[in-house]
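This briefing goes through one protein model by topic, for use beside the sequence and the 3D view.

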Amino acid sequence: MKLSLHTAVLFFPFVAVGLAHSEEAEGIEFFEEKIRPVLVKHCYECHSVEEGKSKGGLRVDSMRALRQGGDNGPSVVPGDLEASLLITAVQYHDSDYEMPPDGKLPDEVIRDFERWVAMGAPDPRVRETATPEEGSEIDLEAGREFWSYRSPKRVSPPAIENPEPNLSPIDRFVIAKRDEEGLVSVASARPETLVRRLYFVLCGLPPSVDDVMKWAKALGPDLDQEVLAELIDTLLASPRFGERWGQHWLDVARYADSTGGDSNNIYPNAWRYRDYVIDAFNEDKPFDRFVREQLAGDLLPASSEKEWAKNVVATGFLAVGQKLVGEVDDEKFQYELVDEQIDATTRAFLGTTAACARCHDHKSDPIPQSDYYAMAAIFRNSQTHYGLLDAQARQSSTLLNLTGKGLPSGRPALSPEAFAQLVAERDEARAAMDEVRRMIRSKDEDVSRAKLRRSRTKEDRTAAALEAYDENGNPLTWVMGVEDREEPVETHLLVRGEIDKPGPVVEPGFLQVIGRPAVIGENHSGRLELADWIASPENPLTARVLANRIWHWLFGQGLVRTVDNFGASGELPSHPGLLDYLAVRVVEKEWSVKQVIREILLTQTWQQASTYHSENFERDPDNRLLWRMSPRRLEGEAIRDAFLTVSGNLEVGKPNVPLLDAVGEGTVGQNVVEPEIRAIKSNLRSVYLPRVRNVLPEVLSLFDAPDPSGVTGARETTTVPLQALYTLNNAFAREQAAAFALQVGARPRGEQISFAYLKAFARFPKDREQQIARTFFGRFASLEGDEVTDALTAYCHALLCSAEFQVLD
């Protein structure tokens, strides 16, 4: 009988464990008399926890470890003598596998092992089903009274005294709160400031000189709202919008091009998920659909094979996370993989730290441990495909082949000569590996572990390179993603989160504190039902969390500053009524991110200047009450992209082939070396640069790009000397300054300073700045040729190194 804990809060006090059949009892007796003594005497010395050894990744001191096997596969497959490497080893039929190494066992003992495996390899060396030490004391009904677990309600904007005409409901919420605290409003931003702000916030790029002049003039000093709406719509329709806002979501989705962790392996196909995200924001894909596709796209109905293939790519959300692919224990790896997926899913979409309930009930939120394992049961019944070389990762995986489904291949077809070269390289590597195997069997020559690894890696890399194409050299379409397992697996609650302490069986389900009970179809993993539950307008968290993320990305801080944590350990909202209003608007606007952005941008609140006000600052130094627009430094991506834009060197569009193809597959620090990754050069936007965990591009790591090992909805902002030294001394920065100077030098002399300021800062220089520039260039009036160019380059470089260039006002 299965014991489900998902619908119960208290645990049963004990779980009885017994032998169901006398045959099983006889098998255990056979093991104890014939098998265990031999394992202890001949095998434990090199393959047990007690001795602290697991040669070849193999342990034989527990049933799970023995069946899992080591580097070469399962040691025991119950009922299958041929597939059991332990039988091959004791029979001495293969010189690669001879155990024990100091001599063959007697024939009678070997027959005992054969009989044992044939009867199903009964093995009692697993602890009895563990019993939780105490029941959950969480009061779910009381928990549902917490602010974030209550459904958002439409709140009427509060009344304010002497309202200005055309105030939006959002403005009324903000002004009422400000008035309560005795704060005063600041003026609206200048038109050119607003143009620059809009370009960076929506597209992550500075406006051109022509665009600054055109839109600032059209806006006028009173900020014509119809013109502003036209500009907003123009930028929302730009392909650059998806690149900017896609990067925001990629931070949340902990996107990277490698596994990170203990053995940092390259993901050669992660780019498909990145491009999916960019396209989704450009298309204004409804966010509820966006949720469903990322969690269960493979299970959604589709009108065409191409639509279904795109949906499968979306499930890359569950595949791109950090993985400990060097882990020897298969079951432990699977639990770590599932834990990462639970953490990413609940924090990204629900602002909830459900993974904190892995080892015990959540310490601060109403999430019993049983809820964690109810979600684990969903993800354990899904197969994650991420694709790594077998020789480079103990926990390698397959990819999904979607060739012919309408997706771009991402790589050009090979010429017959190039294809033949790949075949030759594969055959050469295979022959070399066969020779290494021969040398090991013959024992004619010692083969070092390093040589064996290099040979296996080369064999795997050349085979993988060839497997990317069909027999005619046409590229195949391989995809990271998930799919349901063919056969369901049971999930036990693990006492204190320990794998060897399984408790009762837990059925797939959701977090009980949030909404309706789980209804999951028979033979379903529950992933589609989970996606529908998260994307439901009845879920109290999803629309709130999205609205708050949008606010954060527009203002630099959310109404709830802990954007990934809406629980008791997170912050309370500064404007609860406004957050509820926005959450309701998200659903009313059919989950359109662009429409919510547009509504917020057309508010007086967002159009404020960043003017300092001493009394306001004294009362509200963090600007939680939104009395001005807080200045904030641009992200590393925007700074780099602005350098390229101002210099005229930015290449727009997606890369023709993945940039990481230049280094191939494998493990960073072994067959893929860090200098090769850092040597990849491109003038494409920063969102397309390789995101190898622990090897981020220098400019991004210096300017606080997040560690993609986990969900990051809000980046840190630091100020350190290395940032200034980079912009002053790095070859990239100097090259962009030189290209910028060529553009400035091509203008008539009387326009050069104004052009440079408009290009760099989207404004005209002040009189004092004009005077400083004239004085500087006056020193070089007698120079000619390259010396003049050098002076102009130094001036342009100084503008690019200034704080104003890197700050959004």
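Two residues count as being in contact when heavy atoms lie within 4.5 Å of each other. The model is predicted. With that cut-off, Ile550 is in contact with Trp245, Val593, Val596, Ile597 and Ile600, leaving aside its neighbours within four places in sequence.

- Ile550 lies in helix H19, and its relative accessible area is 0%, so the residue is buried.
- Ile550 and Leu582 are 32 residues apart in sequence, while their C-alpha atoms are 9.9 Å apart in space.
- The largest nonpolar core has 171 residues. Leu202, Trp249, Tyr273, Phe349, Leu554 and Ile597 have the most contacts inside this core.
- Phe349 touches Trp249, Phe287, Val291, Gln294, Leu295, Phe317, Ile534, Leu541, Thr542 and Val545, when residues up to four places away in sequence are not counted.
- A second, separate core has 21 residues, including Phe31, Val60, Leu66 and Val109.

**Helix H23**

- Helix H23 covers residues 636–647, 12 residues in total. From first C-alpha to last it reaches 17 Å, close to the 16 Å expected at 1.5 Å a residue.
- Of the 12 residues of H23, 11 are buried, so the helix is largely enclosed by the rest of the structure.
- Just after H23, Gly648 takes a positive phi of about 85°.

**Salt bridges**

- Side chains of opposite charge can pair when their charged atoms come close. A search of the whole structure finds 48 salt bridges.
- Glu141 forms a salt bridge with Arg144, with the closest N and O atoms 2.4 Å apart. Glu141 counts as exposed because its relative accessibility is 55%, over the 50% cut-off. Arg144, at 24%, counts as partly exposed.
- Arg289 forms a salt bridge with Glu307, the closest N and O atoms being 3.5 Å apart. Arg289 lies in helix H12 (residues 287–296) and Glu307 in helix H13 (residues 305–314), so the pair ties together parts that are 18 residues apart in sequence.
- Arg289 is partly exposed at 25% relative accessibility, and Glu307 is partly exposed at 26%.
- Arg549 forms a salt bridge with Asp564, where the closest N and O atoms are 2.8 Å apart. Arg549 is in helix H19 (residues 542–555) and Asp564 is in the loop between H19 and helix H20 (576–588); the pair links distant parts of the chain, 15 residues apart.
- Both Arg549 and Asp564 are buried.

**Nonpolar surface patch**

- Val720, Leu722, Leu725 and Leu728 make a nonpolar surface patch of about 340 Å².
- Leu725 sits in helix H26 (residues 721–729). Leu725 has a relative accessible area of 41%, so this residue is partly exposed.

**Backbone geometry to check**

- Most residues other than glycine have a negative phi, and most peptide bonds are trans.
- The peptide bond from Met99 to Pro100 is cis, with omega near -5°. Pro100 is in the loop between helix H3 (85–91) and helix H4 (107–118).
- Arg496 is not a glycine, yet has a positive phi of about 55°. Arg496 is in the loop between strand E7 (492–494) and strand E8 (502–505), and is partly exposed, with a relative accessible area of 36%.
- Asp704 is not a glycine either, and has a positive phi of about 70°. Asp704 is found in the loop between helix H25 (698–702) and H26. With a relative accessible area of 13%, under the 20% cut-off, Asp704 is therefore buried.

Definitions and conventions. Residues are numbered from 1 along each chain as its sequence is written. This is a predicted model: local features need pLDDT of at least 70, side-chain atom pairs count only at pLDDT 80 or more; totals for chains, interfaces and linings use all residues. Side-chain values use heavy atoms; hydrogens and water are left out. Helices (H or I, at least four residues) and strands (E, at least two) are DSSP runs, numbered from the N terminus. The expected span of a helix is 1.5 Å times one less than its number of residues. Buried means under 20% relative accessible area, exposed over 50%, partly exposed in between (1.4 Å probe, protein chains only). A nonpolar core is a set of buried Ala, Val, Leu, Ile, Met, Phe, Trp, Tyr and Cys residues joined through side-chain atoms within 4.5 Å. Patches are made of residues with over 30% relative accessible area and no salt bridge: like charges are joined within 9 Å, nonpolar side chains (Val, Leu, Ile, Met, Phe, Trp, Tyr) within 5 Å. Accessible areas come from the Shrake-Rupley method with a 1.4 Å probe; for residues, only the protein chains shown count as cover. A salt bridge is a side-chain nitrogen of Lys or Arg within 4 Å of a carboxyl oxygen of Asp or Glu.
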